Amino acid sequence: MPVRGILLDIEGTTTPIAFVYDVLFPFARRHAAEHVKKADLTDLRREHDEDVRQGTDPPAWSLGPVAYIHWLMDQDRKSTALKNIQGKIWLEGYASGELHGEVFRDVLPALERWRRRQIDVRIFSSGSVLAQRLLFSSTAAGDLTKWINEYFDTTTGPKNDPASYERIAALFGMPAADILFISDVTRELDAARGAGMQTLLCVRPGNHKQPPHDHAVITSFDDISAP
């Protein structure tokens, strides 16, 4: 089936998981206390109140917002408020030169190849759009944002919900069947397939083992014969 659009995950797909967990997350944790002094915490407080209502036993807000931020990070929660805070912390790190984005070696050649074939490439990640742009703009391979047409995060919807992919397909302006979604997580691929997209499971060094599935597998973007 022809592909006119490609939707990429980041963590474990374009970028090593180790970069996210060993570099980005620790950086955000170290600088959280400094950041919250000047941050708008309205959305974070709203999520905390919802956690209290749902009985998930978050740290008391009286302990300070940093305790709640660390609690969300420890759970790897796909929290929009957390991701926004992390993105702003990382912005300062990239601006100071302490952080640089990291992608696998096959990413740039693939982006160049897809552009030549007039394929529309976009990103869908749980990280904020700001964080996505920062990562791709500062890699050793150069600024990759010129190859990427749009970015989606959790404000579009959960990554395991077919409705999120239906919304994204509408924004691509093409049938979902013409879009290929590449991710390292099968439940995300299941959701994309549920919306009608084509799928590939990306297996990279350090990626988490996935349950049994029927998605085609690649270990590099070079494995994609077409496009």
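In the predicted model, the secondary structure of the chain amounts to eight helices and six strands, and from the N terminus on these elements follow the order β-α-α-α-α-α-β-α-β-α-β-α-β-β. The C-alpha trace spans about 55 × 40 × 30 Å along its principal axes. The radius of gyration of the chain is 18 Å, which agrees with the value near 17 Å that a compact globule of 227 residues would have.

Of the 227 residues, 54% count as buried, and among the contacts with a separation of 6 or more, 67% are made by residues 24 or more positions apart.

In soluble globular proteins, nonpolar side chains tend to be buried together. The largest nonpolar core of the chain holds 53 residues, of which Ile6, Leu44, Trp90, Trp114, Phe136, Ile182 and Phe221 touch the most other members. Helix α1, covering residues 17-36, gives the most to this core, with eight residues. Apart from this core lies another, made up of 17 residues that include Phe152, Tyr165, Ile179 and Phe181.

When residues up to four places away in sequence are not counted, Leu44 touches Trp61, Pro65, Tyr68, Ile69, Leu72, Ala81 and Ile85.

Notes
Residues are numbered from 1 along each chain as its sequence is written. This is a predicted model: local features need pLDDT of at least 70, side-chain atom pairs count only at pLDDT 80 or more; totals for chains, interfaces and linings use all residues. Side-chain values use heavy atoms; hydrogens and water are left out. Helices (H or I, at least four residues) and strands (E, at least two) are DSSP runs, numbered from the N terminus. The radius of gyration is taken over C-alpha atoms; the globule rule is 2.2 Å times the number of residues to the power 0.38. Buried means under 20% relative accessible area, exposed over 50%, partly exposed in between (1.4 Å probe, protein chains only). Contact means heavy atoms within 4.5 Å. A nonpolar core is a set of buried Ala, Val, Leu, Ile, Met, Phe, Trp, Tyr and Cys residues joined through side-chain atoms within 4.5 Å.
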